Amino acid sequence: MASALLACGRQLSCALGGLSLGHQALGAIGGAFRRHASSHAENTNTFLREALVKLDYPEKLQNLLLTPRREMSVELVVQMDDGQIEVFNAYRVQHNNARGPYKGGLRYHPQVDLDDVRSLASLMTWKTAVMDIPYGGAKGGVTVDPRKLSERELEKMTRKLVVAIKEIIGTYEDIPAPDMNTDAKVMAWFFDEYSKYKGFSPGVVTGKPVYLHGSLGREAATGRGTTFAIRELLKALHMGKIADQKYVIQGFGNVGAWAAQLLWEAGGKVVAISDVAGAVHNEQGLDIGALRKHVASGKPLAEFTGGAAVPKQDILLHPCDVLIPAAIGGVIGPEEAKKLQCKVVVEAANGPTTPEGDMVLRDRGITVLPDIYTNGGGVTVSFFEWVQNLQNFKWEEDDVNRKLDRKMADAFAALWAVHKEMNVPLRTAAFVVALQRVTRAEVHRGFD
């Protein structure tokens, strides 16, 4: 399979001009994405350019792959509860739809801007390609601090957004999903408002409440996918089973908590966990079921009686077999990478390792399972939800989990094959697989 993809890439390079690619060309192409971009966007593009160098794609093919198809900016005029009028900037970037409808989340955050949304839309193109889901990549956002809005104001703003972008989204065109500061409730408003104009359309968004055409298994999907990814990596590295390892997890939100729960249920020893306020450890293994009940009751994680509190800033340096950053991006830079005491880093968060940190980990022989694959369980089960909406038939949760397992295993097999054949890190292999799948779709569909 890897050989066929590599051969396809070489043929496409010849067909599209055969221009050799130097560092100046890479810089010029990346420049438009670097400007005013977030650090995560910058890091993603650095990793992407590394894969492009390995593929030796001609410059015009790179321009095709990196340039968004459409960018839309709108202003949302909302009358607030006190009668005042506020205007919110909103964006939707549709990066690439060669492999299927655009797909990507919708975030509400005060620092959202067009450059950030553009970069995240690009990342979704590669993530859906790595997971071999028939989607393209898109992203949307509104520049707003949702904590300062009442629920009624938030709903009005969401419905205004739907009206503003309804002509460029749709069940077979562009399917938004929850992202930062958006949830199932926001998706329900989105579905309802869109259906007023276009008729009953549950497939226009994913991440909806289970009782309103959502999918069973969606809540745990990213954490469950992370667990499947760890299992596949351990097998490939001949490290044994999940139960044979010690784990440290940074982050106890949705992804970190579900990953911890599932690893614990599989017999793994989760020896340390942190959240935004503190950290706790137990070298014999934390009782994750009891810890989740403790946190759900409103008590601080660090006060859990089944372990000892440790400084949260030291969590990444705690000795373990598998380190799982599942919180925020950019936490493993070069200095942290020099001090890690683990065999494997599994990136459940988006962009937790900087390019400089990644180079240090490579030099130290620490394997990194990249975010573009590891946290792909979420978008995969979003795809399953969309399919159920098209069928108007709800799957059993066991069906969802079984299909997710197969998708995660198949995706790992593809990137592992490229990793071995090209002798590149798993991160580079993941981007190579994604680039080649999108390229093949672009060229075979034609340009007229």
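Reader: Which residue in strand 5 does Leu 106 stand opposite?

Author: Leu 106 stands opposite Pro 178 in strand 5. Before going on, a note on the model: it's predicted, local features need pLDDT of at least 70, side-chain atom pairs count only at pLDDT 80 or more, and totals for chains, interfaces and linings use all residues. Residues are numbered from 1 along each chain as its sequence is written, and side-chain values use heavy atoms, with hydrogens and water left out.

Now the pairing. Strand 3 (residues 102–109) and strand 5 run parallel, joined by five bridges. Strands here are DSSP E runs of at least two residues, numbered from the N terminus, and two of them pair if DSSP finds at least two bridges between them. The whole thing is an open sheet of five strands, in the order 1-2-4-3-5, with mixed pairing. Strand 1 (70–79) and strand 5 (174–178) are at the edges with a single partner strand each, so one side of each has no neighbour in the sheet. From one strand to the next, the twist averages 20°, taken between axes fitted to C-alpha atoms, with angles from 0 to 180 degrees between N-to-C directions.

Strand 4 (residues 137–143) holds Lys 139, which an unreviewed UniProt entry annotates as "active site"; such annotations may be inferred rather than shown by experiment. Lys 139 is buried, at 7% relative accessible area (buried means under 20%, with a 1.4 Å probe and protein chains only). Leaving aside residues up to four places away in sequence, its contacts (heavy atoms within 4.5 Å) include Tyr 91, Arg 92, Arg 107, Met 124 and Asp 179.

Key:
Helices (H or I, at least four residues) and strands (E, at least two) are DSSP runs, numbered from the N terminus. Buried means under 20% relative accessible area, exposed over 50%, partly exposed in between (1.4 Å probe, protein chains only).
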